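Here's a quick briefing to read alongside the model. Have the sequence and the 3D view open as you go.

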Amino acid sequence: MCMVVTRFAPSPTGHLHIGGLRTALFNYLYARGSGGKFYLRIEDTDLARNSQEATEAILQAFEWVGLDFDGEILYQSQRLKLYQNYIQQLLEASKAYYCYMSKEELEALRESQRAQGQTPRYDRRYRDFTGTPPRGVSPVVRLKAPLQGEIAFTDGVKGVVVVQARELDDFIIARADGTPTYNFVVSIDDALMGISDIIRGDDHLSNTPKQILIYQALGFKLPNFYHVPMILNEQGRKLSKRDGAMGVMDYKALGYLKEALLNFLARLGWSYGDQEIFTLAELLKLFDAKDLNSAPSCFSPHKLDWLNTHYLKATSNAQLEILLRDFDLPPAFDHLNAPQKDMLLSALKERCTTLKSLSVGMHEVLSPPASYDSIKNPQAKALLEDFMRALKETSLDNLENTQTLLHAFLESHALKPGAFMPALRVALLGKKGGIDLKQALFVLGDQALERLQTFLARA
């Protein structure tokens, strides 16, 4: 059996989006899971639109999610001479030819064809041209496409795909300035890199027959193709930025864990029974390109949040503390002792969806309230004053003392929790919701007394 060799080949014209990351992940899993090779190629021949910042953002995203690749990065911009050599080879073999038709002539031809109800297309007028080339025209190079028959291939997702030769014209493989076109350089690189399997979005499906013709013209072995349906929003339309089509690093900034994002993307177009949660190790073991779904997948923000919550809960507090350094943390966090930090992180990760929301939760606990929710209990002030006196005589150095204090106070005043706890929560945290009160008291420690004094002074 031949080694599986895949690649991911983004254009550096913008940041890597999640659709691109999904494509990279599928190629990575298929190669790595079968002991093959996975390469990264930067398709940067569009010099006018390329961005070094975009290239760096792609590499940054790869580093964050942990998709390692084999060998050095291949940059197409460094291989122009190679492509031109292959163009010359096709010209000399009469498999390609110079076309001297100007843009104006081509547009006039198309207008005439439209007027006659025909499909606009180049009429191959220079296909077998042997005369004197017109002066002042820089020619393009066109591939001689077959005039009859069909181009057929078996796609790993779509099944058998057949395109009639008459549907293709002699397409351009080199522009008038000598630069090669997308389909040409992609075909050359995939062949020379030994790519055995190409997994990509089905927006590339129309390119495949052209690339097959280039493979055949140069005598290259055809790879296996897998064209994956695009990701749609929950309404079945093309994914927009509002729906989640953001840059990969935007998800990191929002506080999503890489494990959750990779798990989420793997399930957008691939499944394994009813299993929803996969570690990367499980994905490497179970993923097979032959199991890719033929139906479009739906991007569900709720599913991503659910997965991120799962991974957040499963992350150790020590690791969470490291990850949270990328977010805005209250200065008071560094002044907590180890048990207090552990308690706060344990309490918040049970309630939060992302690292960013966890950071917000830390501020809500550790930052003194700037305002307070209203308290409708007329006995609240007197009860809080009594509690403050009891608090002065209690050490909050462990959770058991905190729990005992609350229980004893309620019992001594013959109170149900609902008659006192909401008021205490507002006095300590400024609002009625939040982590368990005994946990909050333990985390605040000596600060709890100061907050009660501040609240009562304002009451």
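How far apart should the ends of helix α4 (residues 103-115) be at 1.5 Å a residue, and how far apart are its end C-alpha atoms? The 13 residues of α4 should span 18 Å, and the end C-alpha atoms are 18 Å apart, which agrees. The expected span here is 1.5 Å times one less than the number of residues in the helix.

A word on ground rules: this is a predicted model, with local features needing pLDDT of at least 70, side-chain atom pairs counted only at pLDDT 80 or more, and totals for chains, interfaces and linings using all residues. Residues are numbered from 1 along each chain as its sequence is written, and side-chain values use heavy atoms, with hydrogens and water left out. Helices (H or I, at least four residues) and strands (E, at least two) are DSSP runs, numbered from the N terminus.

**Helix α4 and what follows it**

- L106, L109 and Q113 are the residues to look for in α4 if you want buried ones; buried means under 20% relative accessible area, exposed over 50%, and partly exposed in between (1.4 Å probe, protein chains only).
- They cover an arc of only 60° around the axis, which puts them on the same side of α4; the arc is that of the directions from the helix axis to the C-beta atoms.
- In general, an α-helix has 3.6 residues a turn, so residues three or four places apart point the same way.
- Turn to the face of α4 that looks away from the buried side and you'll find K103, E104 and A115, which are exposed.
- The buried residues of α4 pack against β5 (140-143), with contact meaning heavy atoms within 4.5 Å.
- Just past α4 sits G117, with a positive phi of about 75°.
- Q118 is in the loop between α4 and β5, and it counts as partly exposed at 40% relative accessibility.
- Q118 and Y97 are 21 residues apart in sequence, and their C-alpha atoms are 25 Å apart in space.

**The parallel sheet**

- β1, β2 and β3 form an open three-stranded sheet in that order, and the pairing is parallel; two strands pair if DSSP finds at least two bridges between them.
- β1 (5-8) and β3 (74-75) are the edge strands, each pairing on one side only.
- Four bridges hold the parallel pairing of β1 with β2 (residues 37-42), and T6 has F38 of β2 as its bridge partner.
- Helix α2 (residues 52-65) lies across β1, β2 and β3 and runs at about 155° to β2; axes are lines fitted to C-alpha atoms, for helices over the stretch in contact, and angles run from 0 to 180 degrees between N-to-C directions.
- Helix α5 (residues 182-192) also lies across β1, β2 and β3, at about 150° to β2.

**The antiparallel strands**

- A second open sheet has three strands in the order β4-β5-β8, with antiparallel pairing.
- Its edge strands, β4 (96-99) and β8 (172-174), each pair on one side only.
- Neighbouring strands of this sheet are turned by 45° against each other on average, direction ignored.
- β5 and β8 pair over two bridges, and V141 has A174 of β8 as its bridge partner.
- β6 (residues 150-155) and β7 (residues 159-164) run antiparallel and are joined by six bridges, with a hairpin of three residues linking them.
- F153 has V161 of β7 as its bridge partner.

**Helix α17**

- Seven of the eight residues of α17 (residues 437-444) are buried, so this helix is largely enclosed by the rest of the structure.
- Among its packing partners are α12 (338-349), α14 (380-392) and α18 (447-458).

- Most residues other than glycine have a negative phi, and most peptide bonds are trans.
- S94, in the loop between α3 (80-92) and β4, has a positive phi near 60° and is partly exposed at 47% relative accessibility.
- R124, in the loop between α4 and β5, also isn't a glycine, yet has a positive phi of about 60°.
- The whole structure has zero disulfides, a disulfide being a pair of cysteine sulfur atoms within 2.5 Å.
- C2 is exposed at 60% relative accessible area, while C352 is buried at 9% relative accessibility.
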